[in-house]
Amino acid sequence: MKKNLKVLGIIGIRSGSTGVKDKNIKNFSGKPLVAWIISTAIKSNYVNRIVVSTDSKKYMKIVNNFGAETPYLRPKALAENDSPEIDYVKHMLNWLSMKENYIPDYVVRMMATVPFQNANDVDALIDILINN
């Protein structure tokens, strides 16, 4: 592992889910669905900052309680059913760069809807990126 790398874990959760209302914060085995991926990011040996892009103050409060940051509320235009996910990622990276002068070395997009992802797998992928 290389020291002093800035590795950003970014999770996107919008409140307007049409299939299952509020799916990202629904209780899943004792905690909100999104809390599982936050926990994975916290356990990673590389991810040293976790941000969530959301359009909901309610979601913001929940993810903050589980250890993730929410620097701002996502603009409505980036939280529509047909909004490309890459747009919220770019928006977050631009915001962090402009407002905090924070530019990560690596960005790991993590999904709330993949609660069984494990930190060892995340770290193995980051190892591949760093070493190749």
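Biologist: Which way do the residues of strand 4 point, and are they buried or exposed?

Modeller: Arg49, Val51 and Ser53 point one way from strand 4, while Ile50, Val52 and Thr54 point the other way, and all are buried. Buried is under 20% relative accessible area, exposed is over 50%, and partly exposed is in between, with a 1.4 Å probe and protein chains only. Strands (E, at least two residues) and helices (H or I, at least four) are DSSP runs numbered from the N terminus.

Biologist: Before I go on, what am I looking at, and how are things counted?

Modeller: It's a predicted model, where local features need pLDDT of at least 70 and side-chain atom pairs count only at pLDDT 80 or more, while totals for chains, interfaces and linings use all residues. Residues are numbered from 1 along each chain as its sequence is written, and side-chain values use heavy atoms, leaving out hydrogens and water.

Biologist: Back to those two directions, why do side chains in a strand do that?

Modeller: In a regular strand they alternate between the two faces of the sheet. Here, six of the six residues of strand 4 are buried, so the rest of the structure largely encloses it.

Biologist: How many bridges join strand 1 to strand 4, and do they run parallel or antiparallel?

Modeller: Six bridges, and the two strands run parallel. Strands pair if DSSP finds at least two bridges between them. As one example, Ile10 has Val51 as its bridge partner in strand 4.

Biologist: OK, new topic. Which residues have the most contacts inside the largest nonpolar core?

Modeller: Ile11, Ile13, Val34, Val47 and Ile126, in a core of 23 residues. The elements giving two or more residues to this core are strand 1 (7–13), helix 1 (33–43), strand 4 (49–54), helix 2 (57–65), strand 5 (106–110) and helix 4 (119–131). Helix 1 gives the most, four residues. By nonpolar core I mean buried Ala, Val, Leu, Ile, Met, Phe, Trp, Tyr and Cys residues joined through side-chain atoms within 4.5 Å.

Biologist: And how many residues of helix 1 are buried?

Modeller: Eight of its eleven, so helix 1 is largely enclosed by the rest of the structure. Among the buried ones are Leu33, Val34, Ile37 and Ile38, but also Ser39 and Thr40.

Biologist: What is Ile126 in contact with, leaving aside its neighbours within four places in sequence?

Modeller: Val7, Tyr46, Val47 and Val108, taking contact as heavy atoms within 4.5 Å. There's also a second, separate core of nine residues, which includes Val51, Tyr88, Leu96 and Tyr102.

Biologist: Switching to charges: how many salt bridges does the structure hold?

Modeller: Four. The rule is a side-chain nitrogen of Lys or Arg within 4 Å of a carboxyl oxygen of Asp or Glu. Glu100 and Arg49 form one, with the closest N and O atoms 2.7 Å apart. That pair links distant parts of the chain, with Glu100 in helix 3 (residues 85–100) and Arg49 in strand 4, 51 residues apart.

Biologist: Is each end of that pair buried or exposed?

Modeller: Glu100 is partly exposed at 37% relative accessibility, whereas Arg49 counts as buried at 12%. Then Glu85 and Arg109 meet in a salt bridge at 2.3 Å, N to O. Glu85 is in helix 3 and Arg109 in strand 5, 24 residues apart, another link between distant parts of the chain. Salt bridges that share partners also join Arg49, Glu69 and Glu100 into one network.

Biologist: What about Arg14, where is it placed?

Modeller: In the loop between strand 1 and strand 2 (27–28). Arg14 is buried yet has no salt bridge, and the nearest side chain of opposite charge, Asp55, is 6.3 Å away. For charge, Lys and Arg count as positive and Asp and Glu as negative, with His and the chain ends not counted.

Biologist: So which side chain does Arg14 join in a polar contact?

Modeller: Asn81, at 2.4 Å. A polar contact is a pair of N or O atoms within 3.5 Å; within protein, one must be able to donate a hydrogen and the other to accept it, and residues adjacent in sequence count only if both atoms are side-chain atoms.

Biologist: Last one: what is the phi of Ser29?

Modeller: Positive, about 55°, although Ser29 is not a glycine. Ser29 is exposed at 63% relative accessibility.
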